[in-house]
Amino acid sequence: GIRLGIRDKSQLRAQIRALLIAGQGKTTGIVLPLVTDISEILYAKEVIEEVTEELAAEGIESGSPAFGVMIEVPSTIFQIDEIFEIVDFVNVGTNDLIQYLLAADRDNDLVAGLFRSLHPAVSKSLSIVFDSAERHGKEAVVCGEMAGSVFYIPLLVGLGARYLSVNPGSMDIICDTISNITASEAEELSQACLEAKTPEEAEKILKSGHAKVWPHVTRLARFAA
């Protein structure tokens, strides 16, 4: 993540230089991965400014990419308002965020079963990010398996998600799912999930919502919570 860039500034500068040159005349963005605190963001912004000035001095045209960070490490949840004040957008990496929130490495068979997308702490963390994004008028793009799963779409919409990053093969079914639910229904369901005490209880609530409110969505969903 950004830690490597801080450790090896020459590598970070080379990457940023390439991104700035490639972004000339285009709509692009720079996203910092695995951010843990504000100082890392400020450091990267300083490097971007330095490289931009150097390119201008060399007579090389460069772009002005949007600047964002990945929300993957739990510490960023507690500083999300401060983060939104200095970035243009955030990407919520649900896979890593869940892994770090629950100390559950998906690739470790001994704890992989503890990786629960419907853990109440996950829903509450996502809600905090989406609420902050709305207050600041900026985008919080949901990435990872949750964004591309029909099963989680009503929950994400109800929690406040308005931007999803999915692979091209999933776009049609995700768009169809969103078009067949209402915000009020999704908000009611997400509130119930937020009040759940356990992942099992939240899963039961979400499955019930699919079955009772969105049977048309249920036919598409794969219940792999």
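Colleague: In this predicted model, how do the axes of helix α9 and helix α10 cross, and how should I read that?

Modeller: In general, two packed helices are described by the angle between their axes and the distance between the axes. Here the axes of α9 (residues 183-194) and α10 (residues 199-212) come within 9 Å and cross at roughly 165 degrees; because angles over 145 degrees count as roughly antiparallel, α9 and α10 are assigned to that class. The crossing in which α9 passes α10 is right-handed.

Colleague: Which residues of α9 and α10 meet?

Modeller: From α9 come L189, A192 and C193, and from α10 they meet A202, I205, L206 and G209. The residues of this contact divide into 6 nonpolar and 1 polar, with no charged residue.

Colleague: Which residues are buried in α3, and what covers them?

Modeller: The general idea is that an α-helix has 3.6 residues a turn, so residues three or four places apart point the same way. In α3, the buried residues are I38, E40, I41, A44, V47, I48, V51 and L55, and what covers them includes α1, α2, β1, β2 and α4. Helix α3 itself, residues 38-57, reaches 29 Å from its first C-alpha to its last, close to the 28 Å expected, and is followed by G59, whose phi is positive, near 80 degrees.

Note on methods: Residues numbered from 1 in each chain as written. Predicted model: local features only at pLDDT ≥ 70, side-chain atom pairs only at ≥ 80, totals over all residues. Heavy atoms only, no water. Helix = DSSP H or I, 4+ residues; strand = E, 2+ residues; numbered from the N terminus. Expected span 1.5 Å × (residues − 1). Buried < 20%, exposed > 50% of the residue type's maximum accessible area, 1.4 Å probe, protein only. Contact = heavy atoms within 4.5 Å. Axes fitted to C-alpha atoms, helices over the stretch in contact; angles between N-to-C directions. Parallel < 35°, antiparallel > 145°, perpendicular 65-115°, else oblique. Left-handed = near helix turned anticlockwise from the far one by under 90°. Nonpolar A, V, L, I, M, F, W, Y, C, P; charged D, E, K, R; others polar.
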